[in-house]
Amino acid sequence: MKLYSVALCCVVVLLSSCRTGMAPSGSASGDVIDFRIDDSVMQYYVRPIELDGIDHDEDMDLDITFRDGVGATDSVTMNFTIDGSRILKRIDTMTIVAGGQSVPSTSIRLLFNEADGEDVRSRFSAIFRRRDFYNLIQTPEWIVSIVSNNEVRRYEASGSAVSRLQRVDQSLIRLLRAP
């Protein structure tokens, strides 16, 4: 029994020493997970939202990550996945339209493509300015447009996506936006 207790303590010590630099701050609501990066920077992850294809049969799942605090970058990363029948190797532009404003990403890159049965899953990462994101989230009825090989594909925020973005704006973003 004593040997078992010593072994268990060793396992606990080893596992606790394997932690990364990010530690949860205690907020992991249904919509946002936040992590303390260091004493002055928090990282926020908005769980995936679904956008429905408007003029095609593909949907988009999009998640949002950004940091806030001293030394944090002024950007928001939106990673998104498109499941469809075509392989997307490049997206030329991504724009979010909401409340009369049209906001383009500052950069976009392919993360990976993988086969999923007869479909292909394409994962991309797009960067937006944080102040643009703060403005966009106030009107969560997003229309996302991507242009790939001169073809425009549009996606609209589903009802659950609009609800999630509203909750994130009310519970978190309005606090971060305050002077």
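Student: Why is Ser105 called buried?

Tutor: This is a predicted model, and in it Ser105 has a relative accessible area of 15%. Buried means under 20%, so Ser105 gets that label because its 15% falls under the cut-off.

Student: Where is Ser105 in the chain?

Tutor: You'll find Ser105 in the loop between β7 (101-104) and β8 (107-116).

Student: And what does Ser105 touch, leaving out residues up to four places away in sequence?

Tutor: Ser105 touches Met94, Ala126, Ile127 and Phe128. A contact here means heavy atoms within 4.5 Å.

Student: Okay, now Asp57. What makes Asp57 count as exposed?

Tutor: Check its value: Asp57 has 79% relative accessibility. Exposed means over 50%, so with 79% Asp57 counts as exposed. Asp57 also sits in a loop, the one between β3 (41-53) and β4 (59-69).

Student: Which residues form the negative surface patch?

Tutor: Asp57 is one of them, together with Glu50, Asp59 and Asp61.

Student: How much of the protein chain is buried?

Tutor: Buried residues make up 37% of its 179 residues.

Student: And how many helices and strands are there?

Tutor: The protein chain has three helices and eleven strands. Reading from the N terminus, the order is α-β-β-β-β-β-β-β-β-β-α-β-β-α.

Notes: Residues numbered from 1 in each chain as written. Predicted model: local features only at pLDDT ≥ 70, side-chain atom pairs only at ≥ 80, totals over all residues. Heavy atoms only, no water. Patch = residues over 30% accessible without salt bridge, like charges linked within 9 Å, V, L, I, M, F, W, Y side chains within 5 Å. Areas by Shrake-Rupley, 256 points an atom, 1.4 Å probe, with all protein chains shown as cover. Salt bridge = Lys/Arg side-chain N within 4 Å of Asp/Glu carboxyl O. Lys, Arg positive; Asp, Glu negative; His and termini not counted. Charge placed at Lys NZ, Arg CZ, Asp CG, Glu CD. Helix = DSSP H or I, 4+ residues; strand = E, 2+ residues; numbered from the N terminus. Buried < 20%, exposed > 50% of the residue type's maximum accessible area, 1.4 Å probe, protein only.
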